[in-house]
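Welcome! Here are some exercises on helices and strands, each with a worked solution. Please take a look at the structure first.

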Amino acid sequence: MESTAEAPRSGFWWGAATSSYQIEGGVDEDGRGPSIWDTFTRAGDHIVDGSTGDIACDHYHRWADDVALLAELGVGAYRFSINWPRIQPTGAGPANPAGIAFYDRLVDALLERGIAPAVTLYHWELPQALQDAGGWSARDTALRFGEYAATVAAALGDRVALWLTLNEMAVHTVYGHIWGMHAPGQQLVEDPFPVVHHQLLAHGLAVAAVRAHSRAPVGAANNYSPAWAVGPDGKQDSATDEDRQAALLYDLFHNRLYTDPILTGAYPAGLEPLPGSHRLTDPQLVRDGDLATIAAPTDALGVNYYNPTGVGAPSWPGPLPYDMRIITGYPMTYFGWPVVPDAFRDLLLSLRERYGDALPPIYVTENGCAYEDVPGADGTVDDQDRIAFHQSHIDALTQAIRAGVDVRGYFAWSLIDNFEWAEGYTKRFGLVHVDFATLKRTPKASFAWYRDHIRSAVGAGAPSTS
Ligand code: BGC
């Protein structure tokens with residue numbers, strides 16, 4: 001395959017990403033408190049295969065093996081997340097020394113291998129005690145998050161090379177607090193905007209907390225999904241004006257709502273059709289100074305990209321005033337997501353166009369795909385479709401860089417197969433296969449491909465953290 005992937009300049013971070021609940025296990029160990037995901041997976045039938053993250057990849061005990069895999073892969077950076085209730089079991093108070101020690105060892109082991117630690121402070125694991133006190137609907141949760149961020153930054157701030165505050169606030173809001181398919185399983189259909197605002201406020205407070213302890217870049221890790229107006233047949237050609245209106249609304253609600261306030265200091269206009277959006281003009285919710293806190297200068301924007309979303313005019317009075325439609329005419333991953341690398345390039349170009357000089361350097365903090373990944377007789381997985389996915393998306397990224405977008409890193413999601421939220425262990429995104437019966441790790445063909453790609457690309461440079 002013709003590749004243009006050598007274009008990213010020296011010092012570009014080729015990396016891989018994971019998150020704590022998805023890989024760690026060890027959920028009751030060393031003083032860790034319960035999170036909303038522990039509660040959610042243990043109650044009811046929320047997860048398709050009835051599984052939990054109780055063991056997951058057992059990374060809590062096998063972290064050294066996983067660091068060895070990262071070294072073999074040759075990445076310049078590794079993005080992982082910190083489990084809040086390992087640090088503060090109830091979301092408040094002094095740090096649990098055993099929790100800090102776990103991440104302390106991990107960070108040191110990465111640095112010993114020349115791998116830059118990229119830390120996500122929140123990948124959806126709210127301490128259950130804070131949920132019981134109102135969760136993200138409560139302003140206090142944002143204040144607690146600021147304190148937690150300060151605690152982590154004080155412990156690790158001398159060594160972390162990139163900070164991501166909250167992961168995918170849009171997905172956490174919609175899946176966790178409107179549809180109820182993710183923890184905490186709420187359906188705040190009439191009043192979701194406090195959850196939006198308090199996450200953004202938490203982001204701003206965390207930026208300030210991190211800055212007090214670290215000179216590394218900091219920003220949010222947002223999910224971006226280009227909104228494609230499509231007709232009921234999944235084609236853009238058959239979209240109506242109503243479909244296009246609905247797609248604009250989706251773009252506002254999913255993509256701009258969590259970027260405009262951070263980069264421009266204001267919520268976007270045009271949210272009125274969304275239930276409860278009047279709350280953003282309620283001075284009890286959005287208090288004086290909040291938007292300035294949220295817009296604290298950042299020097300990174302984490303971009304998680306998987307696919308465009310097909311959107312149409314609402315066909316039923318559901319919780320949101322648009323329908324999600326399947327995009328047809330493109331290859332699909334095992335998750336049913338369309339594979340559209342050009343949409344990735346266009347997204348990166350559109351971010352620069354929309355935000356201009358306000359756009360900080362971009363780090364692609366997630367990009368990847370699920371495939372069935374059935375091991376062959378020799379136990380290996382020949383995942384050529386995943387190789388093609390990463391190759392084509394890296395090519396798209398390269399085109400965006402050549403067109404002048406400042407992108408500084410690319411993190412493949414994911415280093416290893418893991419707990420895929422509501423899909424349990426049924427969707428595999430890893431460069432490394434995990435046998436969930438034995439927890440044995442086996443690098444897939446994509447692992448060797450990415451290793452060779454990194455070797456031949458210009459530098460996997462271990463950046464300076466000072
Ligand atoms: C999340 C990951 C998840 C991935 C694939 C992102 O929304 O940040 O945790 O595994 O997408 O669904």
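Helices (H or I, at least four residues) and strands (E, at least two) are DSSP runs numbered from the N terminus. Axes are lines fitted to C-alpha atoms, for helices over the stretch in contact, and angles run from 0 to 180 degrees between N-to-C directions. This is a predicted model, where local features need pLDDT of at least 70, side-chain atom pairs count only at pLDDT 80 or more, and totals for chains, interfaces and linings use all residues. Residues are numbered from 1 along each chain as its sequence is written, and side-chain values use heavy atoms, leaving out hydrogens and water.

**Exercise 1.** Describe how helix H3 and helix H15 cross, and name the residues of their contact.

Step 1. The axes of H3 (residues 59-73) and H15 (residues 445-456) come within 8 Å and cross at roughly 55°.

Step 2. Because of this angle, H3 is oblique to H15 (under 35 degrees is roughly parallel, over 145 roughly antiparallel, 65 to 115 roughly perpendicular, and the rest oblique).

Step 3. H3 brings Leu-69, Glu-72 and Leu-73 to the contact, while H15 brings Phe-447, Tyr-450, Arg-451 and Ile-454; contact means heavy atoms within 4.5 Å.

**Exercise 2.** Work out the strand order of the open sheet and find its edges.

Step 1. The 3 strands follow the order S6-S8-S9, with mixed pairing; two strands pair if DSSP finds at least two bridges between them.

Step 2. S6 (227-229) and S9 (323-325) are the edge strands, each with a single partner, so one side of each has no neighbour in the sheet.

Step 3. S8 (residues 309-312) pairs with S9 in the antiparallel sense over 3 bridges, and Gly-310 has Arg-325 in S9 as its bridge partner.
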